[in-house]
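Keep the viewer open as you read.

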Amino acid sequence: MSGQAAEAQLTPEQQRQLDALPADERQPLMQQYQQANQPESNAGGASQGGSPEGGAGQAQSMPTPPGVLDELLRQEYEEWKEASSLGTDELMPFGYDLFAGEPSSFAPAQDVPVPEGYRIGPGDQVDILLTGRRNLDISVTVDRSGMIELPEVGPLSVHGKTLEQLREYLDGVISDRFIGVQSYVSLGELRTIDIFVTGESRNPGVYAVNAFSSLSHALSVSGGISMGGTLRDIRLLRDGREVTSLDLYNLLLDGELESDAQLEAGDVVFIPPVGDRVTLSGAVARPAIYEVEPGATLEALTALAGGLRPGADPDRIQISRLQPESNRTLIDVSLGGGESFTLAPGDEVQVGRIRDWLNGVIEIKGASPIAGRYRWEEGMRVSDFISSRNQHLAEDVDLSYGVIVSRTGDDYDVSFQVFTPRQVISRPGSSADPVLQERDTVLLFSGSEDREALLQPVIDGLSEDLLPGQLPPVVSLSGAVQYPGTYPFKPGDTVADAIGYAGGLTNASYQLGAELIRQELTSERAESELVEFKLADNQQRDLALAPRDRIHIKQLSDFNVTNTVTLEGEVKFPGSYTILRGETLAEVIERAGGLTEYAFPKAAVFSREALREREQQRLDEAQRRLRRSLALSRADAPGEESTVPGDGQAAAQILEEIGSAQAVGRLVIDLPAILDGEASQDVLLRDGDVLSVPEKSQAVTIMGEVQFATSHRYDASLSIDDYINRSGGLTQQADSGRIYVIQADGAVTVPKRSRWFSGGDPVAPGDTIVVPLSLTRLSGLELAKDVTQIIYELSLGAAAVKSLSN
């Protein structure tokens, strides 16, 4: 059988499984499938592959690889959930993965004991060992008439006998025929029988199984039960009558298989549709969707799920029930009430948890080495835990601001009070040392710590259960304060208190003007009011706060702002210089003593961080677009090859150069003109600017597509083509029509061209001749021409800066 023929016989599910495998795993499985489906072993229909030699059901379906099974079950679950009113994203129906997977994993072995009551039939192999006066080992197979043929004895009828009856019968026959001979009878290879699996099976059909296979084995051979089938009433039918019914929940939950009857030829395993289902989630051992019997109670459901978890609250159970109008209603139920609650189809049961509160404790959070939970006793104060600056507080702790969060009342409402850690240490037992209540949390803050993370739960708690028209008691501060953010406050707190919560003012705060935005809710809309005040006026700083106030402290411009520039290379006093606002490059060079006698001003490189970032973005964008252009240019028809040799190599070279190029952020300047006092050429400096002045150069550099990219001593008599010829000439990939010169100051010039180079093209010391890569042959890559120019410009700027350190 060819591989194509084997694939044609696969079911859609098997084909999906096969396609999900890597190629090195797919081929061996296809070979296994082909061998198991040879014509001589086919029994017709779905029973192909069943044979005494191969083991029952081993070739019924393709083995399911690890990981694929879970995905198949998930897909089946999603399809089932679309047509069902049950199910959540987290829960799946219970038990359906029991028999799903590789069928051969459940095939009964040949060396297990023969079940009691097993009756001999056609196809069974009988092994007889004779010892004594005759030693003989005989293996015979029961024919279709139920007979076996013994040497020197003749045909014997064994059909329908149990193993014990067979032993007694053959022992009598052999004793009568052979004197002084003892016999030992056993069964070898057993016959296969055909059974039918119907109903809600994943793969219904006819299956060949071992003669002593059971009902559960038939389920495993057929791949298990679909999501729409029942697990609680699997029926075995024989001659049109029901022999037994199997409840798989007994096997899954209790390990019982009392109803797992032995199969006989022609038996029908029927899987009816699923019965009533309910969803159970929350604090139970096995949250899932369960199939329940009519009239099942809540107690029975929780027992199926393994019972409640230790953290479950039996008095906090909610049941969402579907009403006839397709709406749901919520029912509160308690398991401790003594009355059973009857479930209805489609119920969704949620078991709540007990409140996770620890009684008799207090907690310390934040900037403290002793942060954690501690036992609380009546009358304890903050100083009982924080009495030493060095031992109990972090080095960068805020000594002026701490918060105690309390939860009181039946609903654990949030309240708070502010304290000063410095005063707790200096005045223990006083009014500055608050008394702690059970479940209090002490918050300590530091300059490096995110205050918002510690205060956000407090703010959230204060914002809960507000009535219409109420605003939470919080104030937001921005601008020139140490720690801008949102802080809770108490009635009577002032603007000065809020500034203290934020760590106080910075040195850059503007004392003559600040703003407060106040919002008030009316029955129709929210209205905002702007209140201006002066920080220098103590009376105005005592303005009382209102909920949701927003305070902005103005900051003096340029306060504590230190901008620096760096002068490198041939400067008399190189280094970093602090600049004043509006200072120019000429002024800073003068402060640095000017340039040395060896300086080459025309080749100076002036770089700026903002330009570098812009160039890098341009380079990254060019790289992205070029990769896309390359991908589109390669999207040829299958089997079509490029007609231009070297395209791939050229494209790879461009991408490699882009990846290695680094932006410099060079601003082309005329430093000689700046030094001569031309104000129009001078540059206003910014923070981080760098000026690199190289030594005088006597070289002309050749870059790009030449045989030997190098530098040559400047010779006024040589032209561009002369320098190129001294570098070995152009390569085959050179674009001779786009050669350009990058002058020492960074300016780019294009030489005058005719059919041949002009011998009079000007070249000066420090100039670089660039020979670009020819890309005219590459379709769809016109963008690459611009990219190569970017690369060479950036590379030259980087090389100029690097040369200063050589």
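In this report, a contact means heavy atoms within 4.5 Å. The model is a predicted one, and every value below is computed from it.

**Overall make-up**

The protein has 806 residues, of which 42% count as buried. Its secondary structure consists of 19 helices and 35 strands. Among contacts with a separation of 6 or more, 63% are between residues 24 or more positions apart. The accessible surface comes to about 42,200 Å², and carbon and sulfur atoms account for 47% of that area.

In soluble globular proteins, nonpolar side chains tend to be buried together. The largest nonpolar core here holds 67 residues, and the members that touch the most others are Val126, Leu170, Val269 and Tyr290. Helix H5 (residues 163–177) supplies the largest share of this core, with five residues. A second, separate core has 31 residues, including Leu443, Leu454, Val495 and Ile553.

Which residues does Tyr290 touch, leaving aside those up to four places away in sequence? The list is Phe94, Tyr249, Asp276, Arg277, Val278, Leu280, Leu301, Leu304 and Ala305.

**A hairpin to look at**

Strands S26 (residues 563–569) and S27 (residues 575–579) run antiparallel and are joined by five bridges. Together S26 and S27 make a hairpin, with five residues between them.

**Charged pairs**

Side chains of opposite charge can pair when their charged atoms come close. Searching the whole structure gives 16 salt bridges. Three of them are set out here.

| Glu152 | Arg134 | 3.0 Å |

Take the salt bridge between Glu152 and Arg134. This pair links distant parts of the chain, 18 residues apart: Glu152 is in the loop between strand S3 (147–150) and strand S4 (154–157), while Arg134 is in the loop between strand S1 (125–132) and strand S2 (136–141). Glu152 counts as partly exposed because its relative accessibility is 45%. Arg134, with a relative accessible area of 32%, is partly exposed too.

Glu363 lies in strand S16 (residues 361–366) and Arg373 in strand S17 (residues 372–375), ten residues apart. Arg373 is exposed, because its relative accessible area is 55%.

Beyond these pairs, Arg232, Asp247 and Glu293 are linked in a network of salt bridges.

**A nonpolar patch on the surface**

Finally, turn to the outside of the model. Tyr510, Leu512 and Leu556 form a nonpolar surface patch, with about 260 Å² of accessible area together. Leu512 is found in strand S23 (residues 509–521). Why does Leu512 count as exposed? Its relative accessibility is 52%, and exposed means over 50%.

Notes. Residues numbered from 1 in each chain as written. Predicted model: local features only at pLDDT ≥ 70, side-chain atom pairs only at ≥ 80, totals over all residues. Heavy atoms only, no water. Patch = residues over 30% accessible without salt bridge, like charges linked within 9 Å, V, L, I, M, F, W, Y side chains within 5 Å. Areas by Shrake-Rupley, 256 points an atom, 1.4 Å probe, with all protein chains shown as cover. Salt bridge = Lys/Arg side-chain N within 4 Å of Asp/Glu carboxyl O. Helix = DSSP H or I, 4+ residues; strand = E, 2+ residues; numbered from the N terminus. Buried < 20%, exposed > 50% of the residue type's maximum accessible area, 1.4 Å probe, protein only. Core = buried A, V, L, I, M, F, W, Y, C linked by side-chain atoms within 4.5 Å. Pairing = 2+ DSSP bridges.
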